Amino acid sequence: MIPVLEIGGTHVTAALVDLHDGRVTSRTRKPLNADGDAEDILATVRLCADGLSVSPGARWGVAVPGPFDYARGVALFKGVGKFDALYGMDVRAAFLDGLRQRPSDVVFLNDAHAFLTGEWFAGTVRGHRRAVGITLGTGVGSAFLTDGRICDSGPGIPPEGRMDLTEIDGRPLEDIVSRRAILARYGDSAPDVQDIAGRARAGEARARRVLDSVFTRLGVVLGPRMVDFGATALVVGGSMARSWDLVAPALSTGLVTGGWTPDDLRADADSLPPGVPECPTGDVPPGPGHGSAAGERPTRTRTVKPAGPAGDAALVGAARAAVA
């Protein structure tokens, strides 16, 4: 079992992952104040990690958002609305010295990369050779994957593989698509995004208009990149993906406008729309137990999906990084 951490803007999760079948156990999740001071942030992470039953000398995988020097384990957060107090800190050293069961090493990777890798290995985009992952929360995380490997350059891929470095109408993407952007556009600082989503479901026109605009514009800017990259799958994670009933229609509209038309979003997860071939040429289902045996669920040609309901993808991706 591989010990892992997923550090997000609002929470930290510790777990053990069995890579033979992608199973996640011993999950512990704690709220995390990304605006707190460095010691409080690290103390919360350590408390969460120390709850796992791990032998000393284990190699840990840690999924964490950027900006971050993943090779060195040094935090580079500055002016991004979270973890500013960690700027310049050697987080690897803090974990190596501070965890109750001293690790032999700590491997860091981008949380969006971990998310997409996990969804490809044992989640919703199994069988797709080229897939894109987007995480929507305090900001926009992104990853582009070919045959199980994260790509940071090539056709359709933004600089460093980061959609947050792209622009819409001359403005940074996160000025349009992010938690702060949605709250600003809504014009009321009291509710959070999930509250605005609830109001949209209840029929409030302003809430629905704001969310439709945000996710449609995301699709418009993402669609051409999906085409150029040759993606057959898009998986969306992060806290906003929990409002998939609101995200999916607007995002799909934008993707179509951008030139990438997904299959019917209403289709059952275990069936294909009429006339769609079972598997794109050359696609080989990866991961444990996902061969081409009779009766296996086929891969769609162009699919848009929310993250798996268990929310395990980034944990699985972190475990794969730890053993790489």
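In which sense do strand β2 and β3 pair, and over how many bridges? Select residues 11–18: β2 pairs with β3 in the antiparallel sense, over seven bridges. Pick Thr13 and look across to Arg29 in β3, which stands opposite. Strands here are DSSP E runs of at least two residues, helices are H or I runs of at least four, and both are numbered from the N terminus. Two strands pair if DSSP finds at least two bridges between them.

A note on the model: it is predicted, local features need pLDDT of at least 70, side-chain atom pairs need 80 or more, and totals for chains, interfaces and linings use all residues. Residues are numbered from 1 along each chain as its sequence is written, and side-chain values use heavy atoms, without hydrogens and water.

Now show the whole sheet. Five strands form an open, mixed sheet in the order β3-β2-β1-β4-β7. Its edge strands are β3 (23–31) and β7 (105–110), each pairing on one side only.

The whole structure has one cavity of 30 Å³ or more. A cavity is a set of points on a 1 Å grid over the protein atoms alone where a 1.4 Å probe fits but cannot get out; lining residues have an atom within 4 Å of a point. Select Ile7, Val64, Leu86, Val91 and Phe95, the closest to its centre of the 13 lining residues. The largest share of the lining, three residues, comes from α1.

Last, select Cys48. At 0% relative accessibility, Cys48 is buried (under 20% relative accessible area, 1.4 Å probe, protein chains only). Cys151, at 19%, also counts as buried. The disulfide count is zero, with sulfur atoms required within 2.5 Å.

Key
1 Å grid on protein atoms, 1.4 Å probe; cavity = no way out; pocket = protein on both sides within 12 Å on 5 of 7 lines; lining within 4 Å. Points joined across faces, edges and corners; volume = space filled by probe spheres on them. Buried < 20%, exposed > 50% of the residue type's maximum accessible area, 1.4 Å probe, protein only.
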